[in-house]
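Let's take a friendly walk through a protein model with two questions in mind.

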There are 2 protein chains.
Amino acid sequence: MRKILVVGLGLIGGSLAMALQGFEDFEVVGAVRSQATHDKARSKGAADRLTFHPADELPGADVVILCQDPAGIIDFLHEHRDRFKPGCLIWDVCGVKTAVMEAAKCLPETVDFIGCHPMAGKEVSGIDNAEAGLFRNTHFIVTPGPRATKEHLDLLRRMADWCKFGDVIETTPERHDEMIAYTSQLMHVIAVSVCDNDELFSCKGFEGGSFRDCTRVAALDPAMWTQLFTFNAPALAKVVGTLENRMRQYREAIEAGDQDALRAMLAQASDRKKQINLERARGDDVRPKF
Amino acid sequence: MRKILVVGLGLIGGSLAMALQGFEDFEVVGAVRSQATHDKARSKGAADRLTFHPADELPGADVVILCQDPAGIIDFLHEHRDRFKPGCLIWDVCGVKTAVMEAAKCLPETVDFIGCHPMAGKEVSGIDNAEAGLFRNTHFIVTPGPRATKEHLDLLRRMADWCKFGDVIETTPERHDEMIAYTSQLMHVIAVSVCDNDELFSCKGFEGGSFRDCTRVAALDPAMWTQLFTFNAPALAKVVGTLENRMRQYREAIEAGDQDALRAMLAQASDRKKQINLERARGDDVRPKF
């Protein structure tokens, strides 16, 4: 029997451990740090077996999935670089890829590290909220390094299939980080910035779907998102700046009462959004209602 | 039999006409302008009866619901001011209230105008997308003028109940416009501004739930939203400016690599969002998962 070691049973790690159970001939071992997480993971059957000592499992693990925060993943790679089983596949799940792929250069040539990013999540975290179905129809982004073998990429695709991901997107770490700054990190900067308005506590009764949707992800983990933003600072600062500029242009048109300019700007953006909706609806996207 | 005249069978008017059928002893008459809307409304049974001539219906209408865009509502009030049935209740559904309440001052004292705003919608518009269930568990905001009678307010509440609104929020037109600038109009400025990024067409495969949620409302009607933004320009410009400032502060902390500042800012916003979630979950809100 082969072995998958999932290090860190938070929302993503816990969900992966649950989703991967029964995959081929693998035993799924979950590594936890706290007794509380251990007990919760055991009670919901999050893994075939649990351990407090990932280092002891590494020599026998064929697949190691690192599900800590970015700094935790980088530390783990450095600390355990010589304990991984030769020929093993190591992958991570965090939201920045360049920094993690850079850190993985410390690994011996006998092992294969492939950066991954399951584009799944919830506005709540922890093993309490983990579920096997979390990845259904979401994107699984993969940033293989130059040493990635076809065998390991195939194994990764089979795992993604087993977990019911909608598709597997292969790209470079740099392109991933640039795209994710726009599609994910910027959405979090927006959500927290909207919540920083004094009216947040007095707007009850006036909020509709758009407000709930836009602020949904604001209840984030500050320590983890500080890391994600910091590891991707240049790309994120660029897209935040672009958005600031565009919002300033809208504000100036509104202040000036320039209805022609406003209508033209709104028509352009609305057309762009409709075009995206159409492209998605034409069938090659996993979520046609995007 | 009494008569409700719904003027304009778009998404909101069409849905109201559908939802109000069977309410007390009222016949629901829908006024349309185009043959296409007429035919679609008839085929889906959107009203008990349809007309191209709202002016002919006004003398016999006990309730008139104005469902055009803001300028259309204001024009209608001025054009038909002397045709309304004495004692009738007139209400509108548009997203700005001060401008509409101001326009309603042209009406004779024999009629009662109450500004309303059903906080319901979809990212698509028109009679095609109208449905009786659109208002379920949403807020129905009411801004009564000084002449509003208890009888009419009670009638309005019974209509809101019949349409399955979650609650009725009574406020002033000024307060409505200030709150809606933050909770709704700002969300639309954000959505269109995000779509104005060059990466919109290349980010496929990298978008998760937060991106879909934040940009959902960008496929808006440019002419209508130009009106809504223009009629509420000072309040909207203020909240856009506040958001720009906060985003600049986030960007500066990210650029400076100031992790302590970033963590403190994220912790504050995250706490605020969690507090709102808790308040909503304590039971007095119509959507506990907010």
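This is a predicted model: local features need pLDDT of at least 70, side-chain atom pairs count only at pLDDT 80 or more; totals for chains, interfaces and linings use all residues.

Between chain A and chain B, 20 residue pairs are in polar contact, with both partners at pLDDT 80 or more. Which parts of chain A supply at least two residues each to the side that touches chain B? They are strand 7 (139-144), helix 7 (173-195), helix 8 (209-215), helix 9 (222-231), helix 10 (233-256) and helix 11 (259-284). Sorted by class, the residues on this side of chain A are 42 nonpolar, 23 polar and 24 charged.

Charged side chains also pair up across the two chains: there are eight salt bridges between chain A and chain B. One of them joins E244(B) to R251(A), with 2.5 Å from N to O.

Now for the interface as a whole. The size of an interface is often given as the accessible area lost when the parts come together. The table collects the totals for this one.

| Chain A with chain B | Value |
|---|---|
| Residues of chain A in contact | 89 residues |
| Residues of chain B in contact | 89 residues |
| Area buried | about 8600 Å² |
| Share of that area from carbon and sulfur atoms | 67% |

Which residues of chain A lose the most area to chain B? They are Y182(A), F206(A) and M247(A), which together give 9% of what that side buries.

Next, look for the gaps. Rolling a probe the size of a water molecule over the atoms shows where empty space is left.

Conventions
Residues are numbered from 1 along each chain as its sequence is written. Chains are lettered from A and ligands numbered from 1 in the order in which they are written. Side-chain values use heavy atoms; hydrogens and water are left out. Contact means heavy atoms within 4.5 Å. Buried area is the accessible area (1.4 Å probe) that two parts lose on being put together, summed over both. A salt bridge is a side-chain nitrogen of Lys or Arg within 4 Å of a carboxyl oxygen of Asp or Glu. A polar contact is a pair of N or O atoms within 3.5 Å; within protein, one must be able to donate a hydrogen and the other to accept it, and residues adjacent in sequence count only if both atoms are side-chain atoms. Helices (H or I, at least four residues) and strands (E, at least two) are DSSP runs, numbered from the N terminus. Ala, Val, Leu, Ile, Met, Phe, Trp, Tyr, Cys and Pro count as nonpolar, Asp, Glu, Lys and Arg as charged, and the others, Gly among them, as polar.
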